[in-house]
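Hi,

Here is the structure I promised to pass on. Have a look at it first, and my notes follow below.

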Amino acid sequence: MKKLLVLLILITGFCSAQTQKMTHTFNFYTEYHQFYLEDKEAKGDTGSNEFWTDEAFEARFATKQGIIAVGTYCYGNVKGEITVLQNPVKDIDYSLYDHVVEGGIDISSGELLIMDCPTSTVELTIKVTPGKYRVRVYGSNFKSVAETDLANESDNDYYKIEIWPDDDIERKVLKQFSYR
């Protein structure tokens, strides 16, 4: 009976660990209103004419072969968090965010990098199970950005990112930020 109880505790702990969220925060300097989420072995080209299309620019979300560029409102320090989930969050209070967009990425290496622009310095590395993932980006506090073409200490826009296993790679804007 004692062995069965120990086994049950171990199994319960393992299952619980598989469903727990893993959250990382980030705060770094980036330029050109963007930063990257990238598979360590990505083959995409962020300089390609097919990367920052008009649609991608409007969505604040460009993607190509293992790379996602998140379009920021600020030019400078970017702050946020990324959470790896098993399933997507269903109940979203859209009133908390200025812009919400999602799309997909294939992370074949098992390592997701968060990188600045333009130097592509790795700011954070997250280990995940290799496969396809859905990525949702929530942008908030855009009104704090004093000037969109200069870095300011008062800029306090924030990027909450959620990622979970999913084969759907199509970009979809869930809430569009209006520039006007």
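**Salt bridges and strand pairing**

Searching the whole structure turns up nine salt bridges. Bear in mind that this is a predicted model.

Let me start with Glu-50 and Lys-64, whose side chains form a salt bridge at 2.9 Å, N to O. Glu-50 sits in the loop between strand 2 (34–39) and helix 2 (54–59), and Lys-64 is in strand 3 (residues 61–64), so the pair ties together parts 14 residues apart in sequence. Glu-50 is exposed, at 54% relative accessibility, while Lys-64 is partly exposed at 26%.

Now to strands 9 and 10. Strand 9 (residues 131–140) pairs with strand 10 in the antiparallel sense, over eight bridges, and Tyr-133 stands opposite Pro-165 in strand 10. There is a salt bridge here too: Arg-136 with Glu-162, with the closest N and O atoms 3.5 Å apart. Arg-136 belongs to strand 9 and Glu-162 to strand 10, so this pair links parts 26 residues apart in sequence. Both of these residues are buried.

Arg-134 forms a salt bridge with Asp-168, at 3.6 Å between the closest N and O atoms. Asp-168 lies in the loop between strand 10 and strand 11 (172–175) and Arg-134 in strand 9, so the pair ties together parts 34 residues apart in sequence. Arg-134 is buried at 3% relative accessibility, whereas Asp-168 is partly exposed at 36%.

On the parallel side, strand 10 (residues 158–165) is joined to strand 5 (residues 76–84) by six bridges, with Lys-79 opposite Tyr-158.

Cheers

Technical notes. Residues numbered from 1 in each chain as written. Predicted model: local features only at pLDDT ≥ 70, side-chain atom pairs only at ≥ 80, totals over all residues. Heavy atoms only, no water. Pairing = 2+ DSSP bridges. Helix = DSSP H or I, 4+ residues; strand = E, 2+ residues; numbered from the N terminus. Salt bridge = Lys/Arg side-chain N within 4 Å of Asp/Glu carboxyl O. Buried < 20%, exposed > 50% of the residue type's maximum accessible area, 1.4 Å probe, protein only.
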